[in-house]
Amino acid sequence: MGTIHAVCVSTVKHQRKEEVGSVELREDYGVAGDAHGGGERQVSLLAIEGIRRMQEKMPSLVPGDFAENLTTEGIAVELLPVGTRLAVGGAALLEITQIGKKCHNKCNIHKTVGDCIMPREGVFARVLRGGVVRKGDPIHVVS
């Protein structure tokens with residue numbers, strides 16, 4: 001079991017996301033108000049542990065800089081197989097659909113430090129059941 005370290009949104013694709021207090025996950029849509037809502041990669045997740053490793057090379061990195069919606073802590077989401085279901089907060093249910101993504105254009109992080117973790121550690125999910133998700137909410141694998 002882990003927790004939600006941060007929740008982030010952006011109204012523009014290919015941009016870092018800003019941390020907000022909470023987000024609404026909508027069934028079969030994604031994050032309300034986020035540029036990626038309604039697409040194939042409805043919700044993106046990334047572990048804070050990976051961000052912390054990258055901070056050793058670029059200390060200014062913060063949650064949202066990798067364009068993730070949910071920054072997790074204490075759960076290695078990148079190790080979970082596609083199809084894994086995650087309960088988030090009090091009501092939301094996600095299903096992992098993709099691990100990693102192809103980076104067509106090297107992002108500013110990659111250009112600065114020579115690496116980016118999102119292609120290896122970023123996880124994408126679809127929303128099976130919606131709900132509000134807040135920083136500090138629990139996240140765990142549903143058996």
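**Overall shape.** I began with the radius of gyration of the protein chain, which is 14 Å. A compact globule of 143 residues would have one near 15 Å, so the chain agrees with that expectation. I note that this is a predicted model. Next I looked up the spans of the C-alpha trace along its principal axes: about 40 × 30 × 25 Å.

**Secondary structure.** I found three helices and eleven strands in the protein chain. Read along the sequence, they follow the pattern β-β-β-β-β-α-β-β-β-α-α-β-β-β.

**Contacts and surface.** I took contacts between residues at least 6 apart in sequence. Of these, 69% join residues at least 24 apart. I then checked burial: 45% of the 143 residues count as buried. The accessible surface comes to about 7100 Å², and carbon and sulfur atoms hold 49% of it.

**Charges.** I looked up 18 positive and 17 negative side chains. The centres of the two sets lie 4 Å apart.

Where does Gln 42 lie? I found it in the loop between strand 4 (30-31) and strand 5 (43-47). Is Gln 42 buried or exposed? Its relative accessible area is 5%. The cut-off for buried is under 20%, so Gln 42 is buried.

I then listed what Gln 42 touches, leaving out residues up to four places away in sequence. Among them are Asp 28, His 36, Asn 69 and Arg 126. Gly 30 is on the list too. Gln 42 and Gly 30 are twelve residues apart in sequence, yet 4.3 Å apart in space, C-alpha to C-alpha. Tyr 29 is another contact. Its backbone nitrogen lies 3.5 Å from a polar atom of the Gln 42 side chain.

Definitions and conventions. Residues are numbered from 1 along each chain as its sequence is written. This is a predicted model: local features need pLDDT of at least 70, side-chain atom pairs count only at pLDDT 80 or more; totals for chains, interfaces and linings use all residues. Side-chain values use heavy atoms; hydrogens and water are left out. Helices (H or I, at least four residues) and strands (E, at least two) are DSSP runs, numbered from the N terminus. Buried means under 20% relative accessible area, exposed over 50%, partly exposed in between (1.4 Å probe, protein chains only). Contact means heavy atoms within 4.5 Å. A polar contact is a pair of N or O atoms within 3.5 Å; within protein, one must be able to donate a hydrogen and the other to accept it, and residues adjacent in sequence count only if both atoms are side-chain atoms. The radius of gyration is taken over C-alpha atoms; the globule rule is 2.2 Å times the number of residues to the power 0.38. Accessible areas come from the Shrake-Rupley method with a 1.4 Å probe; for residues, only the protein chains shown count as cover. Lys and Arg count as positive and Asp and Glu as negative; His and the chain ends are not counted. The place of a charge is taken as NZ of Lys, CZ of Arg, CG of Asp or CD of Glu.
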